[in-house]
Amino acid sequence: MSAHAHDHVEDHHDDHGHHHKETFVTKYIFSQDHKMISKQYLITGLFMGIIGIAMSMLFRLQLAWPDKQFGIYEILLGKWGADGIMDPSVYLALVTIHGTIMVFFVLTAGLSGTFSNLLIPLQIGARDMASGFLNMISYWLFFLSSVIMVMSLFVEAGPASAGWTIYPPLSALPQAIPGSGAGMTLWLVSMAIFIASSLLGSLNYIVTVINLRTKGMSMTRLPLTIWAFFVTAIIGVVSFPVLLSAALLLIMDRSFGTSFFLSDIYVAGEVLHNQGGSPVLFEHLFWFLGHPEVYIVLLPALGITSEIIATNSRKPIFGYRAMVASILAIAFLSTIVWGHHMFISGMNPFLGSVFTFTTLLIAIPSAVKAFNYITTLWKGNLQLNPAMLFSIGLVSTFITGGLTGIILGDSALDINVHDTYFVVAHFHLVMGISALYGLFAGVYHWFPKMFEGRMLNKNLGYIHFWVTAIGAYGVFFPMHFIGMAGLPRRYYTNTAFPYFDDLANINVVITIFAFIAGAAQLVFLYNFISSMFFGKKGPKNPWKSNTLEWTAEVKHIHGNWDGPIPHVHRWAYDYSKLNKDESDYVVPGQDFVPQTVPLQDNEEEMNH
Amino acid sequence: MTAFLVVLVIILFGVAIWQMGKIFQLSKGKSDTTSQIANDKDNNLHGWLSLMFVLFVYALAFYSHWKWSNVFLPQSASEHGVDIDQLWLISMVLIFVVGIITQWLLFYFSFKYRGKKTQRATFYADNDKLEFIWTIIPVIVLAGLIIYGLFTWTDIMNFDEDEDTMVVELYAYQFDWRARYGGNDNVLGEANVRLIEGANTLGVDTSDPNAQDDIIVNELHLPVGKKVLFKMRSQDVLHSAYMPHFRAQMNCVPGMITQFAFTPTITTEEMRLDPEVIGKVQRINDIRRANSEKLVANGDEALEPYEFDYMLLCNKICGNNHYNMQMKIVVESEEEYNAWIKEQATLAEALKQ
């Protein structure tokens, strides 16, 4: 059932499977169709996102009013919220699981999983992924890991609570924190399965992009979305196995008495036998994934943005080759900067110098990307659809968050703001909010492709964007200030230090903005669910886009195109291109030239 | 049972909305297919909102600085901290300039080029010169920052230890700190958690001659103007010794000894007279007084007034009481320090008791 890029027309017509009898189970549950799998990823990701964001609302409530009692704690947290007082251990559990869910389950699987699956076959002109079966396995492993992660919230001693970075020895010793018992075991099992899922997915994406491009779709004609997904998958394959090794070694330390990460520990009144291990080793292994992970989250969002900004500006993306080059440069650099998370971990200061150097280098391709986005807007004819607004918002938060990265990447400056709220503000803007905006932009833009022509309500989309945009800056801009005041992160309450008393009102402001932004997500949820069933059907190519997915059938069929696979004759960004004598667009009266249109007589060929 | 009923009501409610939506939809008939795509009216409105949004971001930045820049840490109380603050200021000015310009361009272009039916976008795909310019400018600026940063970093981390350097061990455990001084010989005795027994809570090797005059305290006193080398140990999990006023931080790692050195330059007494600190303490005490009134009205005890002190915090998640793992730091004149240390019991004396 796989599609072949090199042969075409005759054989495919009867080959693909829409005439197969599909049962409910093969169509909606164990589906091997990339479009259905993409929807499964999205809906699972959104479900996890609801949990993750709800957790952040709970701990923001605690941070703003630590001495007040809230009945909601008792309702949602049970014994850990007795009498409306949040228990310190559940506070740590909330921040831990919030981080884990948002980074891995929402922004890795929910973003990359959804859009890689949806767009790779559709935009390169393939009938499906290289292996539909592996693709299905990948989703179901992700589903299983989600179920285990949610289950871990209900174990008696509480879920994992050593921070999402699960540094040992804290994560290895149930004596040190209750969450490091069964909760941590489930966390590790869940993540191990998640990594397997991610690897299967990534390998599939790589193979598909390399082998199944349709005739004429050279690598330099790929839309930037595909470049981003392709490179993201490569980073994933390179770095996720290292996290798996860290998780396995930690499992060994926890359950089988080894000492990879443990040495010289006296806890709960007794000396442990472990000797010779090093927690710093774990930090190296963790961040060898952990930092590329930032780009695994961010690159797909940037790819989606590139596509949406070009389409809605009615202009080619500025500097296509520079954009591809910066994706590759970011991907390469992302694997050699992990040590900037460890400047003060006790590793050799010389290593700190090296990592400062490589880290600040990343600013160069990032700056190129930001400038290219801005130039793409310049002299455009901007169609300010919700997807476009989210993309512009992404560029904004990417710049703001990226700039503070120049401070944190500098080892000397990192000393005093390491692990303070300055860091929290930085990474939420640059990867959290930016990637979420990318996710939303993608959902608004490709919703018609996912749900057979139905479109999201634009007015609700506008409300969603503006309230979220104001809320996000309202939360994370003031957060830099409490970080610069020296406030450490992961403190259950700041009242133990009178020195921080004057930060209390800033925390209240942050929490209020967080609730406003959180409420805006309800608007999105309503819009998503109602549009899924009752959304207005739009035209086949609603955004007047050049890419191949809009030539595919609106109704989902297995194999995507009812007839032969389309051939590609040009890159994806011929928007507003004029004919030779500049009297009209290349295609008269139409400001876009789909990739399937051959080179016209009155057109100059350009070499991008 | 109530839970079941609640779930049932929610499900029925959902079904009702679903059915109503269906009826609503059927009654409407076929409508314009482009209704959910931005038209000129939308472009105009959201172009203007983009412009207002960038003004909102500027206003937020301005308001935050005007209102909250008084919460920042006061001037650095250590020698190297002055360099860090200088580098910080330069970096901050740089990122503010870049941020203000790029955000403006982004949202102003969103406003200026908002779509109109009559408008034609300019086909503009490449310009090698432009791209070269905005590659090379960040390269130059970052090269400057990297070099400056690396010099500062190397200066801080590669301290040379001479006879004058005072050696202090910071010992972290769930959820408190201890400081161990080398005593008269300024040499710390060997220690390992395996030797923890009874009153010897830091696991110091009592047979080591260097250990006999070691002094263990739970309040860190430092003489002003003298370089201190901190040797950090942890008993159980990762901790991080964070001394924000001295721009100093280093993780405490079980199984290894980490170190950080700095020279305190301002005594606690002097810092209390710093205008920024005076203002901050006053604001904190106003807040505490207001909170106390509420507490007293509820029959609770009032909060104590706050007086400025340097502090050591734990800044690496370490367990349930992570938020309250602190130690007071006192920087004082050499004489005051000598008088204080003389009163402390040495390890040999403490273990004898």
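**Figure 1. Contacts within chain A of the predicted model.** Of the contacts in chain A that link residues at least 6 apart in sequence, 80% bring together residues at least 24 apart. The structure shown here and in the following figures is a predicted model. Buried residues account for 65% of the 608 residues of chain A.

**Figure 2. Fold and extent of chain A.** Chain A contains 16 helices and two strands. Its radius of gyration, 25 Å, is close to the 25 Å that the globule rule gives for 608 residues, so chain A is as compact as a globular protein of that length. The C-alpha trace of chain A spans about 80 × 50 × 50 Å along its principal axes.

**Figure 3. The contact between chain A and chain B.** Chain A contributes 116 residues to the contact, and chain B contributes 105 residues. On the side of chain A that touches chain B, the largest share, 14 residues, belongs to helix α11 (residues 349-377) of chain A. This side of chain A comprises 73 nonpolar, 30 polar and 13 charged residues.

**Figure 4. Fold and extent of chain B.** Eight helices and ten strands are found in chain B. The radius of gyration of chain B is 31 Å, well over the 20 Å given by the globule rule for 353 residues, so chain B is more spread out than a compact globule. Along its principal axes, the C-alpha trace of chain B spans about 95 × 70 × 45 Å.

**Figure 5. Burial and contacts within chain B.** Of the 353 residues in chain B, 35% are buried. Where contacts in chain B join residues at least 6 apart in sequence, 68% of them are between residues at least 24 apart.

Methods. Residues are numbered from 1 along each chain as its sequence is written. Chains are lettered from A and ligands numbered from 1 in the order in which they are written. This is a predicted model: local features need pLDDT of at least 70, side-chain atom pairs count only at pLDDT 80 or more; totals for chains, interfaces and linings use all residues. Helices (H or I, at least four residues) and strands (E, at least two) are DSSP runs, numbered from the N terminus. The radius of gyration is taken over C-alpha atoms; the globule rule is 2.2 Å times the number of residues to the power 0.38. A residue is buried if 20 or more other C-beta atoms lie within 10 Å of its own, exposed if 12 or fewer, and partly exposed in between; C-beta atoms are placed from the backbone. Two residues are in contact if their C-beta atoms, placed from the backbone, lie within 7 Å. Ala, Val, Leu, Ile, Met, Phe, Trp, Tyr, Cys and Pro count as nonpolar, Asp, Glu, Lys and Arg as charged, and the others, Gly among them, as polar.
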